[in-house]
Amino acid sequence: MTTKLMGEPVRRREDLRLITGRGRYTDDIGHGALAAAFVRSPYAHARITGIDVDAALDVDGVVAIYTYEDLVGPMAEPLPVLIPHPQLTAPRTGYPLARDVVQHVGEAVVMVVATDRYVAEDVCDRIAVAYEELPVVVGVDAAREAVHAVHEDVPDNVAARHHQETGDVEAALAASTHTLSFTQYIERSACMPMEGKGVHAVWNRDDSSLRVHTSTQASTSVRAAIAAKLQLSLEKVEVVAPDVGGGFGVKIVHPWPEELLVPMAAIALGQPVHWAEDRREHFISSAHERQQRQEITVGYDDGGRVTALDVRGWHDNGAYTPYGIIVPIVTATQLVGPYAIPVYRVRIDSVYTNTVIVTPYRGAGRPQGCYAMERTMDRIAQDLGLDRAEVRRRNLIGKDEFPYDHHLTFQDGRPVIYDSGDYEGLLDKLIALVGWDRAEERRAEAASRGKQLGIGMAMYVEGTGPGPYEGGHVQVLGSGKVLVSTGLTSQGQGHETAFAQIVAHELGVPIEDVEVTTGDTRRFGYAVGTFASRAAVMSGNAIALAARGVRAKALRIAAEVLEADVDDLEIDEGVVQVKGTPGTAIPLRTVAVLSNPLRYAFDEAARQATQFAGPGDDSKPPVAVGDAPGLEHVDYYSPIRSTFASGAHAAVVEIDPTTWEIEVVDYAVVHDCGNIVNPMIVEGQVHGGVAQGVGGALYERMAYDADGQLQNASFMDFLMPYASEVPDVVIDHQETPSPLNPLGLKGAGEAGVIPGTACIASAIEDAVGRRIAAMPISPTELYDLVRSPDAERVPAATTGVPA
Amino acid sequence: MSVSTERTISVTVNGVSRETTVPVRRLLSDALRHDLQLTGTHVGCEHGVCGACTVLVDGTPVRSCLVLAVQVDGKAVTTVEGLARDDGRGGEVLHPVQEAFRECHALQCGFCTPGFLMTMAAGLEARDRTTDITEDEVDEIVGGNLCRCTGYANIKKACRHAAGLMKDGDGA
Ligand code: FES
Ligand code: FES
């Protein structure tokens, strides 16, 4: 019997090449290509009054210099608004190279191509761009006040007003026994994959075709964008995402200016051109996320049950809106989490600032929504003197209430209807896992060591696996090798392994025979991309369906050969056999050979399928009408709507009241992503997400000054957690399969990061007894807060279920 | 106009002596990656913070983005490509740290991995292998490199696992 593979911690097939230095990332490809480098704006908002390249022209090795004036046709038009939305009434995007006005520090103004990167940067240094500075808008509050406008023709700085409501919130608030209102902030962070972006383009003059390697999360869509912008026929453009050194969202945005400009130069120069983003470029010209101001009013009854929730938010979208309003929509719709909120209204203004664009970073608006909702639960508990876990419990959607319709519209344009879950089960597991009921003992024990201990929790529901679709191709070769491809890309999530497990399981072949390719348009041209925790759900199911198609065909062919009934056949270890009669069998590889009737033989396997190889049935054509040669199948999975994963986290912090150092001493995760393909990979995703959650809560922020200069644009000053900052994580799983897809999967990629800020804020508040209303928080800010006479005091928490 | 002068250096890279002519301003990381085409060494920050570019120079971990290629003239450099041993039969024997990374799922995208492997290999080889590794030692070995994917739990686990393998006398 084939070893069980679904649900097993199969070791990754990606690893061998990556641990021996044989991985191929974009910057490893194309030795000897010309190198591109960019002159970027040093000002956050300025008019370009002149570009002088004279001094640059005599640098040895300069090959070409491009400015906006050199862009033609669609390249001279603004970059696309990727995701239009009716509420995005004032979308703005930049140009591949700035035209007239720059809107943030780091915007590309000039592209230089030279014999190598060192020379290209020498050339950049000699290019003089003259600017006339314009007033700068930094931060949501400045954008909202709109004393100055980022875009001249958008005087209120509002790109979009996103608004959803499920009833008359004002009436419901007026009718509520209790109400409370508060304002809170969350700061900017960023994906910060260890590999920056990179593009390598090769133009083949002989057949007028272009091949681009790019460190992207969406190769099929980059391909379409390049074809459109450079006016090439789609079939002449191929885009490959090779090994990608992390993405976390930033590489879903496309086309980045460089993804168009580098191919443009390769075509114009007839030579391969290469660009590797450096770390400072990544800080100032890629994307950030998370900054919001949230004004929340909640109504509730004596038992702490929410009766109405009204959220007014301002979301900083940076200088442009290429990715539309996905992040604020996700915040708005995922905010309600696992709770039944009878009447909900959310209004979020997405506003322009003279800063780097804001596009999804792992969690993509959910951490902010979770922060709003979970801090609301904490406040209700404090106000009523109830246990924070108990207040949550009273508001949870019941296990028997699925499917649960929130009457909201999600980021995929589809209704927010939770497909399955058991939120009370999560809460019970979390309470047990973190020892919630022992918090007071631990507090006393920590106090005896001079430490202030606090505990906090946060729950979330995460819409994962949105459509429109993904596809999979599965093909059995005459060698017995099984080729699998999907258009969606990989950035370290172990897709090659997980998808191979799925195919080996569905088809009944040894996993060693399965080879998986992702993100290569030469292999699979239709895809959407890797984002929103959708790879396993979307491509996993598409590949499973494709494998089932191959299996059906294999059984049909084998049934003829073995003169058996299809229903009596099974495939095990790559052999089709009659159940219970192991002698009556045919290897799958032979079935693959027979599936393709041949005229020409070029090896022993092929010979079996040639026209004189055996007695044929002269009464039928070699390939039946409606059939196709080859043992392969393509299938697609297109979900009716997203599937909703869920989870609950708890953090225990200890604070040193002399230094106000905040240490997360325990971190507990209960996680439900439906059926699991590979628990080792899922736990790895959770670990990585939690580390980013802790980073976002305590260390990471984009420190813009009032002039729009990013003060900490390096790893020296932007503090990403090292191992010493990440707590040990204990994990418990719950599995409520999704009824929406064949494999019962829900996404797992982003979950770990979502509740980090909310539960750590809760724990710190619990430890110090002061209201935490802005995150992240540093030891200095905490010190200032506890010393401030104005800081709002928080009543001592009640933990443990009240008698 | 030429802004740099060049110099020819001889370096033993992964046991093979190589001679190469490099501009004096060339970083070791770039010389390895571009001149010698050893792209296993990765560059994550180019300012000495992330550790992705770590290689061994005469056995000591060094951030190759903070060293000029001309500074390793006459020295021996080991990169991730040179970490596994030849098994004498055309194959390779992985270093215990490589085995441990694979066994413990200590990598996701793999971009930071070469730096961790080199740092850990040197750290574990330098310690007294007859003793069990302590948590402080693990923290010391793992604590100086950045990884954005794994949250470090499995990298620490791999460090313990590799220390165990090396104590048992396996490999390296
Ligand atoms: S690239 Fe050398 S330390 Fe980051
Ligand atoms: S595995 Fe991706 S950065 Fe470490």
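1. Start with Gln685(A). This residue sits in helix α17 of chain A, residues 679–698. Helices here are DSSP runs of H or I with at least four residues, strands are runs of E with at least two, and both are numbered from the N terminus. Gln685(A) counts as buried because its relative accessibility is 8%; buried means under 20% relative accessible area, exposed over 50%, and partly exposed in between (1.4 Å probe, protein chains only). Not counting residues up to four places away in sequence, Gln685(A) touches Arg362(A), Gln493(A), Ala748(A), Gly749(A) and, in chain B, Gln108(B). Contact means heavy atoms within 4.5 Å.

2. A word on the basis. This is a predicted model, in which local features need pLDDT of at least 70 and side-chain atom pairs count only at pLDDT 80 or more, while totals for chains, interfaces and linings use all residues. Residues are numbered from 1 along each chain as its sequence is written, chains are lettered from A and ligands numbered from 1 in the order in which they are written, and side-chain values use heavy atoms, with hydrogens and water left out.

3. Now the interface. Chain A brings 56 residues to the contact and chain B brings 50. Together they bury about 4400 Å², 55% of it on carbon and sulfur atoms. Buried area is the accessible area (1.4 Å probe) that two parts lose on being put together, summed over both.

4. How many salt bridges cross between chain B and chain A? The rule finds seven. It asks for a side-chain nitrogen of Lys or Arg within 4 Å of a carboxyl oxygen of Asp or Glu. One of them joins Glu103(B) to Arg11(A), with the closest N and O atoms 3.1 Å apart. On the side of chain B that touches chain A, α1 (28–35), α2 (96–103), α3 (113–126) and α5 (153–167) of chain B each supply at least two residues. α2(B) gives the most, with four residues.

5. Next, Thr530(A). It lies in the loop between β21 (514–518) and α14 (535–562) of chain A. Thr530(A) is buried, with a relative accessible area of 6%. Its side chain reaches the backbone oxygen of Thr489(A) at 2.5 Å. Leaving aside neighbours within four places in sequence, the contacts of Thr530(A) include Gln217(A), Ile252(A) and Gln493(A).

6. Last, helix α12 of chain A, residues 439–448. Ala439(A), Arg443(A) and Ala446(A) are buried there. Seen down the axis, the buried residues of α12(A) fall within an arc of 70°, so they line one face of the helix. The arc is taken from the directions from the helix axis to the C-beta atoms. On the other side, Glu441(A) and Ser448(A) are exposed.

Notes
A polar contact is a pair of N or O atoms within 3.5 Å; within protein, one must be able to donate a hydrogen and the other to accept it, and residues adjacent in sequence count only if both atoms are side-chain atoms.
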